[in-house]
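Hi,

Here is the structure I said I would pass on. Have a look at it first, and my notes on the aromatic rings follow below.

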Amino acid sequence: MTAQPGTNLRVNGDRLWDMLMEMAKIGPGIAGGNNRQTLTDEDAEGRRLFQRWCEDAGLTMGVDTMGNMFMTRPGTDPDALPVYVGSHLDTQPTGGKYDGVLGVLAGLEVVRSMNDLNIKTKHPIVVTNWTNEEGARFAPAMLASGVFAGVLTQDYAYARKDMEGKNFGDELKRIGWVGDEEVGSRKMHAYFEYHIEQGPILEAEEKQIGVVTHCQGLWWLEFTLTGKEAHTGSTPMNHRVNAGLAMARIMEMVQTVAMDNQPGCVGGVGQVKFSPNSRNVLPGTVIFTVDIRSPEQAKLDGMRARIEKEAGEICAALGVGCSIEAVGHFDPVTFDPTLVASVRKAAEDLGYSHMNIISGAGHDACWAAKVAPATMIMCPCVGGLSHNEAEEISKDWASAGCDVLLRAVLETAEIVG
Ligand code: HGY
Ligand code: MN
Ligand code: MN
């Protein structure tokens, strides 16, 4: 039986949920979530499970030199560019079970449902796992999709170091996932990414589906502050060159700048490294990354300029050295209106409550949008919580968004027969 759009086209929500729970067993966290950081042995194990599931569903695998995984279901027209559908399997160190993983496994569920319904499409479908979306171990976030989109070079990516000084390129080689495809050589007809919202809006508004029209832009500014290592007990207060104090004042200033730019801007710090990081030694060096975001280009760039200016003043007043490197950036993204409309129509046809939403988090779709028509679909998450092991969604939410993904992908890939 070949199903047609508009009929009861839905996915197998139980099968999707079972896949999510099975994948969550790989790289378990300490509080019910996951620690499957990019290019670790756990990441490699998750990749192999995804590969096995895809090959069991009749897909053929391609891997590029950034380790991006592309699992292809053929279309009827060998010349038609594929419709890509994907996200990321890597997690934060204290990540949830759904951030990224939902989008990759929902893409596989779309293919499995197409197989069940014996659906053929003109365009091939390619289910995708992007390497290092999180940027937790190797900054920046969305590293491999950024190289794929030609925004970052592979040499830059391979040289990125984690906190232990290990290189991205060496680690990719170590886990055996350097593919033979030239990164970026693939061309896309369209790209879809299904993702949990990672914020509180959809749940608060009681909407099942987020029709993602835009994604806010981002700067990651890595500060290296240079103070003077000295005894915390015997050094008089007026003899100190205190990089830790400078960091504290910069953090407070970032908060002020973000609040001065409300609504719609955020700013904060998630990672700090003191050295020598000893309880009774004033830090010689403090390294931390300021994360600022806004859907408005002018506000985003204005916050960056003000933060860099005022940080310089703070450090000068304390005699602390200050260098700043932009280690992550993308401008606000507008997703493809035609694909956005296909998502909205799918939600309407399925009778799912939905609303337009701007993505607060960055996603591989932001870079895919540079090289192809791209858009996203979102489902709510409990309390808007993400990047926390307590991240949670319901099975109903998960499958509703996957139903929408199935229909939007089929509309774009063009059912044949
Ligand atoms: O940082 C982000 O927005 C994404 O989670 N990598
Ligand atoms: Mn994500
Ligand atoms: Mn994330």
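Let me start with tryptophan 17: its relative accessible area is 15%, and because the cut-off for buried is under 20%, tryptophan 17 counts as buried. Keep in mind that this is a predicted model.

On to the ring pairs. The count comes to 10 aromatic pairs. In one of them, tryptophan 17 is stacked with tyrosine 98, with 5.7 Å centre to centre and 25° between the planes. That pair links distant parts of the chain, 81 residues apart: tryptophan 17 belongs to helix α1 (residues 13-23), while tyrosine 98 is in the loop between β3 (83-87) and α3 (101-116). Tyrosine 98 is buried too, at 0% relative accessibility.

Another pair is edge-to-face: phenylalanine 138 and phenylalanine 168, at 5.5 Å centre to centre with 80° between the planes. Here too distant parts of the chain are linked, 30 residues apart, with phenylalanine 138 in the loop between β5 (125-129) and α4 (143-148) and phenylalanine 168 in helix α6 (residues 168-174). Phenylalanine 138 has 0% relative accessibility, so it counts as buried.

Two more things to look up in your viewer. Which residues form one aromatic cluster? They are Phe70, Tyr84, Trp130, Phe148 and Tyr191. And there is a charge over a ring: the charged end of arginine 304 sits over tryptophan 219, 4.1 Å from the ring centre.

Cheers

Notes. Residues numbered from 1 in each chain as written. Chains lettered and ligands numbered in written order. Predicted model: local features only at pLDDT ≥ 70, side-chain atom pairs only at ≥ 80, totals over all residues. Heavy atoms only, no water. Phe/Tyr/Trp six-rings, centres within 6.5 Å; stacked < 30°, edge-to-face > 60°. Helix = DSSP H or I, 4+ residues; strand = E, 2+ residues; numbered from the N terminus. Buried < 20%, exposed > 50% of the residue type's maximum accessible area, 1.4 Å probe, protein only. Lys NZ or Arg CZ within 6 Å of the ring centre and 35° of its normal.
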